[in-house]
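Please keep the sequence and the coordinates at hand while reading.

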Amino acid sequence: MSLVPSLFGGPRSSVFDPFSLDAWDPFQGLFTPSSAPEIAAFTNARMDWKETPESHVFKADLPGLKKEEVKVEVEDKNILQISGERSKENEEKNDKWHRVERASGKFMRRFKLPENAKMEEVKATMENGVLTVTVPKAPEKKPEVKSIDISG
């Protein structure tokens, strides 16, 4: 994954990430309703993906969400999908809002994992608004070496 900022996205855009399904859309936001800025702010939840010798680890900051509001799914045996929704705060008639910066709406992130990912053993935990998804890796197969006797 590239840590270099991209012209097409945020500081961790997936334009150069061969495992990501995210793609830059030049028409994104042109044909959406006027309420789209509220929803768009939470649409692409920022995530970290690191690979250790034993597993792939995904972390997402999802403050204010409960684990019941987040879904972690495996699709097509090698695609990890993380989605959820933050509800909009109820407005009372007598309330006077001075600023609304916290985003609401749905989000979904999808990651195509390499073949060594053990998708049947995915584990997810949520603690203090941080979702951690761990995908174990299959041990690397070492080539079998057979010694051949030389005659003559």
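Which residue in E7 is the bridge partner of Asp-61? In this predicted model, the bridge partner of Asp-61 in E7 is Val-130. That pair belongs to the contact between strand E2, which covers residues 55–61, and E7, where seven bridges join two strands that run antiparallel.

**Overall make-up**

The chain contains one helix and seven strands, and reading along the sequence gives the pattern α-β-β-β-β-β-β-β. Of the 152 residues in the chain, 30% are buried. Among the contacts between residues at least 6 apart in sequence, 56% join residues at least 24 apart. The accessible surface of the chain comes to about 12100 Å², and carbon and sulfur atoms account for 52% of that surface.

**The sheet of four strands**

E1, E2, E7 and E6 form an open sheet of four strands in the order E1-E2-E7-E6, with antiparallel pairing. Its edge strands are E1 and E6, each of which pairs on one side only, and the twist from one strand to the next averages 15°.

Strand E6 (residues 123–127) pairs with E7 in the antiparallel sense over five bridges. The two strands form a hairpin with two residues between them, and Asn-128 in the turn has a positive phi of about 50°. Within this pairing, Thr-125 has Thr-132 of E7 as its bridge partner.

Thr-132 itself is placed in strand E7, which spans residues 130–136. Its relative accessible area is 17%, and Thr-132 is therefore classed as buried, the cut-off being under 20%. When residues up to four places away in sequence are not counted, Thr-132 touches Val-57, Phe-58, Lys-59, Lys-123, Ala-124 and Thr-125.

**The sheet of three strands**

A further open sheet has three strands in the order E3-E4-E5, again with antiparallel pairing. Strand E3 (70–75) and strand E5 (105–112) are the edge strands, each pairing on one side only, and the twist averages 15° from one strand to the next.

E3 and strand E4 (residues 79–86) run antiparallel and are joined by six bridges, and Val-70 stands opposite Gly-84 in E4. Lys-71 also lies in strand E3, and with a relative accessible area of 49% this lysine is partly exposed. Leaving aside neighbours within four places in sequence, Lys-71 is in contact with Gln-81, Ile-82 and Ser-83. The C-alpha atoms of Lys-71 and Gln-81, which are ten residues apart along the chain, are separated by 7.9 Å.

**Aromatic pairs**

A search of the whole structure finds three aromatic pairs. One of them joins Trp-49 and Phe-111 in an edge-to-face arrangement, with 5.7 Å from centre to centre and 75° between the planes. This pair links distant parts of the chain, with Trp-49 in strand E1 (residues 47–51) and Phe-111 in strand E5, 62 residues apart.

Are Trp-49 and Phe-111 buried or exposed? Trp-49 counts as buried at 15% relative accessibility, and Phe-111 is buried with a relative accessible area of 5%. Ring pairs link Trp-49, Phe-58 and Phe-111 into a cluster.

**Salt bridges**

Side chains of opposite charge can pair when their charged atoms come close. The structure holds three salt bridges, and the table gives the separation of the nitrogen and oxygen atoms for each.

| Salt bridge | N to O distance |
|---|---|
| Lys-137 and Glu-51 | 2.7 Å |
| Glu-75 and Arg-110 | 3.0 Å |
| Glu-121 and Lys-118 | 3.7 Å |

Lys-137 lies in the segment after E7 and Glu-51 in strand E1, so their pair ties together parts that are 86 residues apart in sequence. Lys-137 is buried, with a relative accessible area of 16%.

Glu-75 lies in strand E3 and Arg-110 in strand E5, so this pair ties together parts that are 35 residues apart in sequence. Glu-75 counts as partly exposed at 28% relative accessibility, and Arg-110 counts as partly exposed at 22%. In the remaining pair, Glu-121 is partly exposed with a relative accessible area of 35%, and Lys-118 is partly exposed with a relative accessible area of 24%.

Terms used:
Residues numbered from 1 in each chain as written. Predicted model: local features only at pLDDT ≥ 70, side-chain atom pairs only at ≥ 80, totals over all residues. Heavy atoms only, no water. Buried < 20%, exposed > 50% of the residue type's maximum accessible area, 1.4 Å probe, protein only. Contact = heavy atoms within 4.5 Å. Pairing = 2+ DSSP bridges. Axes fitted to C-alpha atoms, helices over the stretch in contact; angles between N-to-C directions. Areas by Shrake-Rupley, 256 points an atom, 1.4 Å probe, with all protein chains shown as cover. Phe/Tyr/Trp six-rings, centres within 6.5 Å; stacked < 30°, edge-to-face > 60°. Salt bridge = Lys/Arg side-chain N within 4 Å of Asp/Glu carboxyl O.
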